[in-house]
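Dear colleague,

I am handing over the structure below, together with notes on what was found in it. Please read the notes alongside the coordinates.

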Amino acid sequence: MPSVPSLASTVQQRLADALSAALPEAGPADPLLRRSDRADFQANGILAIAKKLKGNPRELATQLVAAIPANDVLKEIEVSGPGFLNITITDKAITETLAARAADDRLGVPYAENAGTTVIDYAQPNVAKEMHVGHLRSAVIGDAMVRILEFEGEKVVRRHHIGDWGTQFGMLIQYLMEHPHELDHKSGEVSGAEAISLLNRVYKSSRVLFDSDEEFKARARNRVVALQAGDKETLALWQRFVDESKIYFYSVFNKLDMEIHDPDVVGESGYNDMLEETCRILEETGVAVRSDGALCVFFDDVKGPDGNPTPLIVKKSNGGYGYAATDLSAIRDRVGNLGADTLVYVVDARQSLHFKMVFETARRAGWLTDKVKTAQLAFGTVLGKDGKPFKTREGETVRLEDLLDEAVERATAVVREKAEKVGLSEEEIIENGRYVGIGAVKYADLSTSAARDYKFDLDQMVSLNGDTSVYLQYAYARIQSILRKAGDAKPSAHAELELAPAERALGLHLDRFAEVLSEVATAYEPHKLAAYLYQLASHLTTFYDQCPVLKAETPAMVENRLFLCDLTGRTLHQGMELLGIRTPERL
């Protein structure tokens, strides 16, 4: 089904046509239409046209209004101030546009048939280490952007650039060689909890030995050399750590209600075969130069506190490769082999300088051309209630699993309080508790602009009031309750009916869904979708308070209001799904 033109685009076209007819000497002109508090829309484009034609803007505005023929979209156009146009839409146009959206499974959101390929790098935990609160944002923001971009029609390739290579593996592998049963499982099916428990034990034991036994330290360092040289026995043990870690990672992502596919997990090691060639090309083309034995790339605008240039180190003086070599090799692979025309990195804002230098280096080397766009979706820090980086009382980093478990526990208590009134079974209470708890954590993250830090406050997150996912989930559940109670009355649009102010406000907001999604996908700003959904739920609350649905005055009004409820429910459900949040039918 073709996409449904929004009311804004319809009005924009009518005004543009009238401008061409009334003021042909102005040439192609933009009416500069925007939403307004004083009417449904305001157009300010006349001011620029008047300046161009050296005319009186108010007179030209009046001339324009006179040129607009009577129609069933524009109810009233008022010239205000120096030449602004305040535009009110007919109720009929609002209802008919919404009916067209409701008839489409995609709610009128266009699907780009020939969109490009975006590789999005997100959710990047480290092998043999526990995931902590710092891993939350990349996973949640990245997952939402993947969903939104795919819904818009973009071909998305996911990449989870896990930390699976480095000198620490020498210590771990050597320890496992000398204590071969430390990663053995008690039973066939291994849980994430058991996997991380075994990994933690090996990590702590090997660290103690490494710090206290010089001979073990020497063997561990030799093991790093064997790993990098591709020794089969060493690689097999390294693979055990990777596989064990994946069991744990997948259990945490499953708790987060996120799908991670094994082929999309391409860690640092996935680019090992390309590193030497990457460095050779950079040096041969003069993009990188030797400095104190290291292979470096310099930038005029990147200097340290002492005023000296701070380079991007591609290869260290000892022959080891820096992170830059891996990241540059990944760009070569993603553009050359995966055919990406957009690269998105969902990484901590503190890595912004590193990625700025990496992108610039790749452009100098010709691996990024003008046809390839790069974006760092940089995110801020998760803070505690005190506004400081989130830590446990003992000052340690908060384990991600503990955080999610507590959120589900708090949410289940909130759901249980209302369960009797709704008639939920124990099974439904537990399931809804999980949806509400995980949704609360995701929404708190996604409703904040990614670049900003935010406070992790579970009490606020699971509150039924305010800008929380629970408020949106209850709005959706309330709609489903109304639809169940409607009996024989069915949702049906009645374009002949006049709309009450609360119905108009809800309808105009519903019409913006496609427009908002397009903005979110273009600018990688999922918080704008969260804001739209919160405003939608708020409009619904006002509508519900002011406009009786099942007790409306006539059967046609009942059907029309059920129609508004149903379309609001579908829009909430679709929007929340794009944020990775479930909407229970009963809550």
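C565 counts as buried because its relative accessibility is 1%, where buried means under 20% relative accessible area, exposed over 50% and partly exposed in between, computed with a 1.4 Å probe and the protein chains only. This is a predicted model, in which local features need pLDDT of at least 70 and side-chain atom pairs count only at pLDDT 80 or more, while totals for chains, interfaces and linings use all residues. Residues are numbered from 1 along each chain as its sequence is written, and side-chain values use heavy atoms, with hydrogens and water left out.

A search of the whole structure finds 0 disulfides, a disulfide being a pair of cysteine sulfur atoms within 2.5 Å. C547 is in no disulfide, and its nearest cysteine sulfur, that of C565, is 9.5 Å away. Seen from C565, the closest cysteine sulfur is the one in C547, and at 9.5 Å it is too far for a bond. C547 is buried as well, with a relative accessible area of 2%.

Of its 587 residues, 52% count as buried. Helix α17, residues 501-510, is mostly covered, since 8 of its 10 residues are buried, among them E503, R504 and H509.

The structure holds 40 salt bridges, each defined as a side-chain nitrogen of Lys or Arg within 4 Å of a carboxyl oxygen of Asp or Glu. R158 pairs with E150, the closest N and O atoms being 3.3 Å apart; R158 counts as buried at 19% relative accessibility, whereas E150 is partly exposed at 30%. In another salt bridge, between E214 and K217, the corresponding distance is 3.8 Å, and these two residues, 3 apart in helix α8 (residues 214-228), are separated by about one helical turn. Here E214 is exposed, at 55% relative accessible area, and K217 is buried, at 17%.

Finally, K418, K421, R484 and K485 form a positive surface patch, a patch being made of residues with over 30% relative accessible area and no salt bridge, with like charges joined within 9 Å and nonpolar side chains (Val, Leu, Ile, Met, Phe, Trp, Tyr) within 5 Å. Helices α13 (400-422) and α16 (469-485) each supply at least two of the patch residues. K421, which lies in α13, counts as exposed at 79% relative accessibility.

Best regards

Definitions and conventions: Accessible areas come from the Shrake-Rupley method with a 1.4 Å probe; for residues, only the protein chains shown count as cover. Lys and Arg count as positive and Asp and Glu as negative; His and the chain ends are not counted. The place of a charge is taken as NZ of Lys, CZ of Arg, CG of Asp or CD of Glu. Helices (H or I, at least four residues) and strands (E, at least two) are DSSP runs, numbered from the N terminus.
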